[in-house]
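Here's a quick tour of some contacts and packing in this one. Have a look at the structure first, then read on.

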Amino acid sequence: MDYRKINNLTGWGSFIIAMVVYLMTMAPTASYWDCGEFIACSNELEVPHPPGAPLFLLIGRLFAMFGSVISDDPATIAWMLNLMSALASAFTVLFTFWITTHLAKRMMVQNEGTPNSTQTLVIMGAGMVAALANTFADSFWFNAVEAEVYAMSSFFTAIVVWLMFKWEERADEPRNERWIILIAYLMGMSIGVHLLNLLTIPALAFLYYFRKHEFTWQGFIVTGLISVAILGVIQSGIIVYTFDIAWFFETIFSGIQEGAFTSGMGLPMGTGLVIFAFLLVAALVGLTIYSVRTQNTLLNTIALCVVVIYIGFSSYMMIPIRSGANPPIDENNPENTQTFLSYMKREQYGNRPLVYGPLYNARPNGLETTGKEYAIEEGNNRYVELGDKRAYTYADRDKKFFPRMYERSRYDAGRFGYKNFVKNQGANQQDPMDDRPTKGEDFSFFINYQVIHMYWRYFMWNFAGRESDVQDAGWESGFAFNKTKQMPDFMKHDPSKNHFFFIPLLMGLLGLFWQSSKRGSDAAIVALLFFFTGLAIILYLNQYPNQPRERDYSFAGSFQTFAIWIGLGTVALYQLLEKYLKGTAAYLAVGLAMVAPVLMGAQGWDDHSRKGRYIAPESAYNLLNSLAKNAVLFTNGDNDTFPLWYLQEVEGVRTDVRVLCLSYVNTDWYINQMYEQMNESPALPLSLKAAQYSGQANQSKGFGAKKTLAVQLPVNTQALLQSGIISEAEVANVVSPMRWNVGTRGGGQNRYLELKDILILNLLENVANGNWERPVYFANTVSPGAFLNLQPFLRQEGLAYRILPIKNTQEPDPFDPTFRGSLDHDRMEKNLTEVFKYTNLDNPDVYYDENIRRMLGNYYYTFTRLASDMLRKREALMRVNNEMRGQLANGGNADSIQTAMSANSAEIQSLNDRATRLMDFTYEKFPFDAVTPDPYSVLRVGIIYDRLGDREKADMYYDFVQKRSIETLKYYSATGDPFRKTREYYFPLQLLGQQFAQTGRAEKLNTLQAQMSELNMRNLGLQ
């Protein structure tokens, strides 16, 4: 069998292995973060967050259609979208194999000859090692088993690099430029998935340079500058400035209305865009024809590359077309030239300084106009100017080159907060404005946080080992045997603890050094690809500390590049061994090299398998079914919004609910959509005019020095009762009219309300005028800072708080001090025990990462809150009975008192039984020893059992909390390693000590105090 056929067949073998791995570990349904959004938008071609991913959505739509054919179950659509990522990742593995064998062959065979059988074995082994190392790389594997854009983006990265090497082999053949044109087309297509693929351009430019020119430093530098220029032209010129120019044409042909002044021709909107598109096509066609007639090959290649990039990029036309159909998910409403331009520029995310700008302590010295804002008015063919877009300006002395510590809100953001890097913190160490950070301190933050923590740590996760899945966890190779001995058993057997003993890392470094010595130009190309898909992203993102999630998925392209070097380490091993082992060197080299990916796969399997994990859509199902019909639900962010979108748009669950993400409520386009019916959800009862919420000027409303604003809403108690919104028992707590004070934001003379605050108040005013018939809720994951001091008027009915004119006057539960609302016992109990779904939360064989375990704590809080409130009511009735016994002793009416006491006793027993069933239900559906949440959540259940008088069960929970917390803190106390959850484990121990003291568990208290006294408080950061 010839080499080419062996290479092809072995490559497809790597594809099959990867595909089987991903099918076995793939998520069965939607996952958290952006997955729910992308599945929902793919299913019905809706508009996701900027800058969109139209090609991903179009391909996803095809997979969704196949899912509908395969099964009537709409959940199959999510599985099919996950399959799309698995398939894209398996193809990435395939091309990684072929790239590696191409490079390995050049290291082993001179003058492009044909490898002999031994060389073929080594080359195929190198390719397979690289392919499998890529398959099992931590971050790449994570992307491969969920419906996100990064798997498909990695595919485009791999295929364009592979195609460039194919061009290199044929660079001297006639019409070799068609390979470059094909690459340009794929790059244009990849823009419709993610911009990461463009980062391959510098590496491809140098591949072209090394193939066509002899090396000189001048040529090397010029090539670098040209490659960066090409990257800039595509990213800024084609992707953004194309629409800037289109907008200029719109202002000419459609025009703008600025107050009484009008400009432009007043032609229908879109006329300028059509004319510009025609001129652009004509110019590109004309340039191509000219290049053919003049026989200018270079100009022809450039012209055709630009043409095909635009053709590939044309998937973006889906965004304004589908936005024009006003789908339920229509982020930024990019249906016209102006809003589409804003969408492509990602203006909603704001700007961050990259090369030159202010640090966090800079004080604004004014405002500057950065552009204009426009809106569309019904019956007006011109864009209506709303006002200026404005941004803060800063004095030159406050601006720095390469600013890294720029986000003031992250000044005291944990271990990597800026205050930990700055020595001169001024007179007031709590005020960042009088700090004097030096350039060295700013650069120290860049190295320690952005490079080491946000890239190198992820790199080591992939190729050395990972400590755990706790956010900000470090890397861990497995060689720190002394530390391992100190670990408690649950840490040693943590599925997310992966130890590779540096083997993949050392293989990669060996491959890098060996390739550098054998084929320096090839090593330079791979190194450029490694840098631009890794550290270059760090430079561009300029990330601030305390990110909401780990960001390793962004660097998967860098890690798949390093996998090539791991594969090339096989060649190095062979060439080192063949001097001593003539006959068996190839087999031994491949066998030794294969240890790296096999170890990666074996260690990573348990924490990368999402088999049996249904919590994202089920948590959405449980939240939606906490709500009354036609409810309005305010949510907080990605993880309590996107799964809801998925469930509504794909599975058709509770489409009568209007989900409002508070992250978007400050935008005019989002408020516009609230005035329209979406699915089965009627338009919202709002009375804000467009002039009150459109544009930057309406993002907030100033109130000078006012700290509070008095609000009053009408209440018809009888109407509430007749409609069943409240019960007879709640009538006494109705506040009519409903009065409370809303706290303003900001300070000093600059207090204000945000647009979202104003909208919530307007919504409540209109709901109140409609006798509160339109239910309004906050998800119970929303931060209290968004509640507008409505906490006493919140009634919990499941995983959501309904806003009602019922004021809770009871003191908060001492174990739940932040909740000041009331609970609907019957509705909550039914939802929690009969309606909600908890699939596989009792299955210890299903892996749940820290993010899910944290969300599981929400279930614990809800159950224990309800049980605690039942017990509080029980205890109040017991006090009443005690008072009645006193009345009996004083000669009260025996018959009436005993009748009342009997009724109370029955209710006491009922409440006791219901609370017991709730706590037993938690252990049945999500036992703490199967999937463990935070220690405080577990402790709360133990406290409830203690109040129920079941000391045995209480001690079961107490013992677990004590053992888990002490072992965890003892380990970090001994090692001194940073641990961001110290207080999360220490605080429950303090509460547990109080509980032991109050319940007479003296022996347990003494043991706990002795254990806590052994902890090194300084190492734990508690001193």
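Lys-1004 and Asp-959 form a salt bridge, their closest N and O atoms being 2.8 Å apart (a side-chain nitrogen of Lys or Arg within 4 Å of a carboxyl oxygen of Asp or Glu). Lys-1004 sits in helix H35 (residues 1002–1013) and Asp-959 in helix H33 (residues 951–975), so the pair ties together parts that are 45 residues apart in sequence. Helices here are DSSP runs (H or I) of at least four residues, strands (E) of at least two, numbered from the N terminus.

A word on ground rules: this is a predicted model, where local features need pLDDT of at least 70 and side-chain atom pairs pLDDT 80 or more, while totals for chains, interfaces and linings use all residues. Residues are numbered from 1 along each chain as its sequence is written, and side-chain values use heavy atoms, leaving out hydrogens and water.

The structure holds 43 salt bridges; here are three of them.

| Pair | Closest N and O atoms |
|---|---|
| Lys-1004 and Asp-959 | 2.8 Å |
| Glu-476 and Lys-497 | 2.8 Å |
| Asp-442 and Lys-439 | 3.2 Å |

How exposed are the partners? Buried means under 20% relative accessible area, exposed over 50%, and partly exposed in between, with a 1.4 Å probe and protein chains only. Lys-1004 is partly exposed at 25%, and Asp-959 likewise counts as partly exposed at 35%. Glu-476 and Lys-497 are both buried. Asp-442 is buried at 1%, while Lys-439 is partly exposed at 37%. Asp-442 and Lys-439 are three residues apart in helix H15, about one helical turn.

Now for helix H29 (residues 825–835). Its buried residues are His-825, Met-828, Glu-829, Asn-831 and Leu-832. They cover an arc of only 165° around the axis, which puts them on the same side of H29; the arc is that of the directions from the helix axis to the C-beta atoms. Asp-826 and Glu-834, on the other side, are exposed. The buried residues of H29 pack against strands S16 (794–796) and S18 (822–823) and helices H30 (850–889) and H31 (894–925), with contact meaning heavy atoms within 4.5 Å.

S16 and S18 also belong to an open, mixed sheet of six strands, ordered S10-S9-S15-S17-S16-S18. Strand S10 (658–661) and S18 are at the edges with a single partner strand each, so one side of each has no neighbour in the sheet. Strands pair if DSSP finds at least two bridges between them. S9 (residues 632–635) and S10 pair in the parallel sense over four bridges, with Thr-635 bridging to Cys-661 in S10.
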